[in-house]
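Welcome! Here is a friendly first tour of a structure that may be new to you. Take a look at it below, and then we can walk through a few of its parts together.

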Amino acid sequence: MLYRYDMHCHSSDCSGCARTPAKDMVHKYKESGYAGLVLTDHFIFGNSAVDKTLPWEERMKCYYDAYLAAKEEGDKIDFDVIFGIEHAYDSGKEMLCYGIDLKFLTDNPDIPEITIDEFARRLHKAGGILIQAHPYRERSYIDPNVEPRVDLIDGIEVYNAGNKPHENAKAIALSKEHGGIIISGSDYHGWPGEPTNRAGIALPYRVKTSEELITALKRGDHRFIVKNEAVEEITEDLF
């Protein structure tokens with residue numbers, strides 16, 4: 001038996017472009033046969049729905065409260081919810097951050113001022129990992145001249161359900177060149193009719209904490225979900 005987890009999800013609680021509350025996402029994914037998800041709402045430089053005028057600690061608590069709401073709902077129906085964020089930098093490039101918590105965010109109130117290099121150093125020191133999200137997405141808000149920071153990341157989101165096939169194909173090539181962790185993610189935003197079974201990872205066991213998830217990813221124990229199919233390898237012919 002394989003347990004499915006979506007690695008890249010946005011809730012309307014904290015992501016300005018999302019349309020489904022975190023606690024409602026839990027039920028949608030459960031109904032799709034998933035065992036859990038990682039909530040990765042847009043962070044301070046992305047399309048965040050969190051009030052930027054709030055004091056830092058209150059602002060950070062908003063992100064964590066969305067996770068807690070989803071986790072509380074998940075606990076009721078035996079569904080795993082793990083906290084993460086999607087951190088934007090350098091004109092639209094983004095990284096998925098796993099293995100951090102509210103304490104990390106509140107202990108680093110200067111995040112808006114530090115470089116992505118320093119952010120990565122602190123996150124790694126705290127035990128977290130960074131995954132380059134949709135590294136070659138072509139959108140008006142993303143500077144195409146900014147290359148993925150392969151010197152900072154632990155892995156790459158090779159399949160993103162919101163990407164075009166040629167964008168994901170370039171991500172495959174990047175992963176083959178640089179190695180590291182490979183993941184698939186839906187980039188779910190909860191728009192009407194948006195499916196919850198398009199992407200993610202599939203594991204032979206449950207992961208209930210960030211630490212367990214990171215260990216599984218580093219071991220490479222996961223398969224990849226592409227268009228609702230769990231596969232051993234992500235190849236272009238799947239798109």
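Two strands count as paired if DSSP finds at least two bridges between them. Please keep in mind that this is a predicted model.

**Strand E1 and its partners**

- Strand E1 covers residues 3–9 and is mostly covered, with six of its seven residues buried.
- On one pairing, E1 runs antiparallel to strand E8 (residues 199–203), and three bridges join them. Here Arg4 stands opposite Ala202 in E8.
- E1 also pairs with strand E2 (residues 36–42), this time in the parallel sense and over three bridges. Tyr5 has Gly36 of E2 as its bridge partner.
- Together with helix H1 (residues 22–31), E1 and E2 make a right-handed β-α-β unit.

- Four bridges link E5 with strand E4 (residues 93–98), and the two pair in the antiparallel sense. Cys97 stands opposite Leu130 in E5.
- E5 is also joined to strand E6 (residues 155–160) by two bridges, and these strands run parallel. The partner of Gln132 in E6 is Ile156.

**Helix H4**

- Which residues of helix H4 (residues 116–125) are buried? They are Ile116, Phe119, Ala120, Arg122 and Leu123.
- Seen down the axis of H4, these buried residues fall within an arc of 165 degrees, so they line one face of the helix.
- Their cover includes strand E3 (80–89), E4, helix H3 (102–106) and E5.
- Just after H4 comes Gly127, which takes a positive phi of about 95 degrees.

**Cysteines**

- A disulfide is a covalent bond between the sulfur atoms of two cysteines.
- How many disulfides does the model have? The count comes to zero.
- Cys62 is in no disulfide either, and its nearest cysteine sulfur, that of Cys14, is 6.4 Å away.
- Cys17 counts as buried because its relative accessibility is 19%, and the cut-off for buried is under 20%.
- Cys62, by contrast, is partly exposed, with a relative accessible area of 29%.

Note on methods. Residues numbered from 1 in each chain as written. Predicted model: local features only at pLDDT ≥ 70, side-chain atom pairs only at ≥ 80, totals over all residues. Heavy atoms only, no water. Buried < 20%, exposed > 50% of the residue type's maximum accessible area, 1.4 Å probe, protein only. Right-handed = clockwise from strand over helix to strand, strands pointing away. Arc of directions from axis to C-beta. Contact = heavy atoms within 4.5 Å. Disulfide = S-S within 2.5 Å.
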